[in-house]
Amino acid sequence: MSTPKDVLGLAGLLATSGVVHLVKPSVYEPMMPKLIPAHRELILVSGVAELALAAGLLYPRTRKAAGWGSAALLLAVYPANLKMAKDAAGSSNKTFKGIAIGRLPLQLPLIRTALKAARTP
């Protein structure tokens, strides 16, 4: 069975994000809510998780678990996206504001695709 295109897309996004998490974790540090400890370590762990989930989505035997894991990860990082949007709302940088606020509704189709992968036989 081949991998659906939307699931391939999700795997690609997760892999890309995972690499950025590991290579340039400082990109994500401003997004971290203050109440969460060990920012750098959690960013690195989430990068490894994203790479593992991306790989898992590509194989039928691991797709279900990777789909559930991807959905959980996308939900878990949503507070960071909300913080980034809140921070951007007070910024004069229109590009930053557009990206930060625009990514909020984009999480929903990503979560939907992850759940689709989890339910694909």
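Predicted model: local features only at pLDDT ≥ 70, side-chain atom pairs only at ≥ 80, totals over all residues.

**Salt bridges**

I counted three salt bridges, taking one to be a side-chain nitrogen of Lys or Arg within 4 Å of a carboxyl oxygen of Asp or Glu. Residues are numbered from 1 along each chain as its sequence is written, and side-chain values use heavy atoms, with hydrogens and water left out.

**Lys116 and Asp6**

I looked up this pair and found a salt bridge at 3.0 Å, N to O. Lys116 sits in helix α5 (residues 94-119) and Asp6 in helix α1, so the contact ties together parts that are 110 residues apart in sequence. For the record, helices here are DSSP runs (H or I, at least four residues; strands are E, at least two), numbered from the N terminus.

Buried or exposed? I checked Lys116. Lys116 comes out partly exposed, at 37% relative accessibility, and Asp6 is partly exposed too, at 30%. The scale I used: buried is under 20% relative accessible area, exposed is over 50%, and partly exposed is in between (1.4 Å probe, protein chains only).

**Arg40 and Glu29**

Here the closest N and O atoms of the salt bridge are 2.6 Å apart. Arg40 is in helix α2 and Glu29 in the loop between α1 and α2, so I noted a link between distant parts of the chain, eleven residues apart. I get 38% relative accessibility for Arg40, hence partly exposed, and 27% for Glu29, also partly exposed.

**Lys83 and Asp87**

I found these side chains meeting in a salt bridge at 2.7 Å, N to O. Both are in helix α4 (residues 78-89), and because they are four residues apart, about one helical turn separates them. Asp87 is partly exposed, with 37% relative accessible area.

**Nonpolar patch**

Next I went looking for greasy surface. Val19, Leu22, Val23, Leu44 and Val48 make up a nonpolar patch, with about 410 Å² of accessible area together. Areas are Shrake-Rupley with a 1.4 Å probe, and for residues only the protein chains shown count as cover. The patch rule takes residues with over 30% relative accessible area and no salt bridge, joining nonpolar side chains (Val, Leu, Ile, Met, Phe, Trp, Tyr) within 5 Å and like charges within 9 Å.

Which elements give two or more residues to the patch? I get α1 (5-23) and α2 (39-58), with α1 giving the most, three residues. I also checked Val48, which is in helix α2 and partly exposed at 49% relative accessible area.
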